[in-house]
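Please look at the model below with its aromatic side chains in mind.

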Amino acid sequence: MEAIGVLAVSGLLVAWLLWSLWNLYRIPVGLRDGSWQRPLWWARLWSLALFVGCVAWVRGALSGAFDVGEACEYAHHQTYDSTYRAAHIEEFNGLFPLSNKCNAHYDLVPAWVNPTIVNCAAFVLLATGVLLWFGVTRLADRGVSRTAEPRLGLAAPSPVTRR
């Protein structure tokens, strides 16, 4: 049963990856052809920013591997300072900003990870706001058309003249 769950999650992640790769193509095209004015373009931006932000966070969270000392010494050729890590352990256990230092001068988390997470979060919030705006205006337009017709006495167009 656990294997089915792992396969299902893996399948969803692969589908999200493929969708995000497709969005990498469609977002710039949408800027040129004007489709940025439609909700699907903003949903694409939301999905892509969320995917890139999650990937950056996972990259940063897993930067120390399982043994930070070995990662510092063998993979990055840095001295491992256990007293420094013991004194600053609360910095390395947080969800954000990500940090996993070997010593006072070298961080295993790449410098691009935290700014990428912040920028992706900003794009997700922007796209969420725009999508909510699209939804509210669509509901408001739908509500106005239903309520304005009886009050204003607007006649329905004739089937002959309707286009």
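Four aromatic pairs are found in the structure, a pair being rings of Phe, Tyr and Trp (its six-membered ring) with centres within 6.5 Å, called stacked if the planes are under 30 degrees apart, edge-to-face if over 60 and tilted for the rest. One of them joins Trp22 and Tyr25, whose ring centres lie 5.4 Å apart with planes at 45°, so this pair is tilted. The model is predicted, so that local features need pLDDT of at least 70 and side-chain atom pairs count only at pLDDT 80 or more, while totals for chains, interfaces and linings use all residues. Residues are numbered from 1 along each chain as its sequence is written, and side-chain values use heavy atoms, with hydrogens and water left out.

Trp22 and Tyr25 are three residues apart in helix H1 (residues 2-33) and therefore separated by about one helical turn, helices being DSSP runs of H or I with at least four residues, numbered from the N terminus. Trp22 is partly exposed at 43% relative accessibility, and Tyr25 is partly exposed at 47%, where buried means under 20% relative accessible area, exposed over 50% and partly exposed in between (1.4 Å probe, protein chains only).

The rings of Trp133 and Phe134 also form a tilted pair, because their centres are 5.4 Å apart and their planes stand at 55°. Trp133 counts as exposed, at 53% relative accessibility, whereas Phe134 is buried at 16%.

Phe96 lies in the loop between helix H5 (89-92) and helix H6 (113-152), and with a relative accessible area of 43% Phe96 is partly exposed.

Technical notes: Helix = DSSP H or I, 4+ residues; strand = E, 2+ residues; numbered from the N terminus.
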